[in-house]
Amino acid sequence: MKITLNEILDNKGISQNQLAKDTGISVSTLRNLNHNRTTRIGFDTLEKICIYLDCGVEDILCVERD
């Protein structure tokens with residue numbers, strides 16, 4: 001799985017800090033997501049991100065095939 005959150009944030013002109021401030025998700029959690037340094041993501045975190053960015057899960061997560 002690849003997390004494409006950083007690309008969406010760049011396209012929308014939103015910083016990680018702004019997303020953290022507005023959603024209550026910690027900056028360290030968002031940083032780990034943006035650098036694909038996580039092995040799991042909670043549904044509540046995913047839901048907050050999707051609602052805030054007005055996007056779907058498929059916009060944030062994608063399957064990388066070899």
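The model is predicted, with local features needing pLDDT of at least 70, side-chain atom pairs counting only at pLDDT 80 or more, and totals for chains, interfaces and linings using all residues. Residues are numbered from 1 along each chain as its sequence is written, and side-chain values use heavy atoms, with hydrogens and water left out.

Two packed helices are described by the angle between their axes and the distance between the axes. Axes are lines fitted to C-alpha atoms, for helices over the stretch in contact, and angles run from 0 to 180 degrees between N-to-C directions. Helices (H or I, at least four residues) and strands (E, at least two) are DSSP runs, numbered from the N terminus.

Helix α3 (residues 27–34) packs against helix α2 (residues 16–23). The angle is about 130°, and the axes are 9 Å apart. That makes α2 oblique to α3. Angles under 35 degrees count as roughly parallel, over 145 as roughly antiparallel, 65 to 115 as roughly perpendicular and the rest as oblique. The crossing of α2 past α3 is right-handed. A crossing is left-handed if the near helix is turned anticlockwise from the far one by less than a right angle, and right-handed if clockwise. On the α2 side, Gln 16, Asn 17, Leu 19 and Ala 20 take part. They meet Val 27, Leu 30, Arg 31 and Asn 34 in α3. Contact here means heavy atoms within 4.5 Å. The residues of this contact divide into four nonpolar, three polar and one charged. Ala, Val, Leu, Ile, Met, Phe, Trp, Tyr, Cys and Pro count as nonpolar, Asp, Glu, Lys and Arg as charged, and the others, Gly among them, as polar.

Helix α1 (residues 5–12) also packs with α3. Their angle is about 105°, with the axes 8 Å apart. The two helices are therefore roughly perpendicular to each other. Leu 5, Asn 6 and Leu 9 in α1 meet Leu 30, Leu 33 and Asn 34 in α3. The residues of the contact of α1 with α3 divide into four nonpolar, two polar and no charged.

Asn 34 belongs to helix α3. This residue is buried, with a relative accessible area of 9%. Buried means under 20% relative accessible area, exposed over 50%, and partly exposed in between (1.4 Å probe, protein chains only). Leaving aside neighbours within four places in sequence, Asn 34 is in contact with Leu 5, Asn 6, Leu 9 and Gln 16. A polar atom of the Asn 34 side chain lies 2.9 Å from the backbone nitrogen of Asn 6.

Thr 45 lies in helix α4 (residues 43–53). Its relative accessible area is 15%, and Thr 45 is buried. Beyond neighbours within four places in sequence, Thr 45 is in contact with Ile 25 and Leu 33. Phe 43 also lies in helix α4. Phe 43, however, is exposed, with a relative accessible area of 75%. From C-alpha to C-alpha, Phe 43 and Asp 10 are 23 Å apart in space. In sequence they are 33 residues apart.

Loop residues come next. Ser 26 sits in the loop between α2 and α3. At 34% relative accessibility, Ser 26 is partly exposed. A polar contact of 3.2 Å joins its side chain to that of Ser 28. Such a contact is a pair of N or O atoms within 3.5 Å; within protein, one must be able to donate a hydrogen and the other to accept it, and residues adjacent in sequence count only if both atoms are side-chain atoms. The C-alpha atoms of Ser 26 and Thr 45 are separated by 9.9 Å. These residues are 19 apart along the chain.

Asn 36 is placed in the loop between α3 and α4. Although not a glycine, Asn 36 has a positive phi of about 50°. Asn 36 is partly exposed, at 37% relative accessible area. Asp 54 lies in the loop between α4 and α5 (57–60). Asp 54 is not a glycine either, yet has a positive phi of about 55°. With 69% relative accessibility, Asp 54 counts as exposed.

Glu 64 is found in the segment after β2 (61–62). Glu 64 counts as exposed, at 52% relative accessibility. Glu 64 and Met 1 are 63 residues apart along the chain. Their C-alpha atoms are separated by 5.7 Å.
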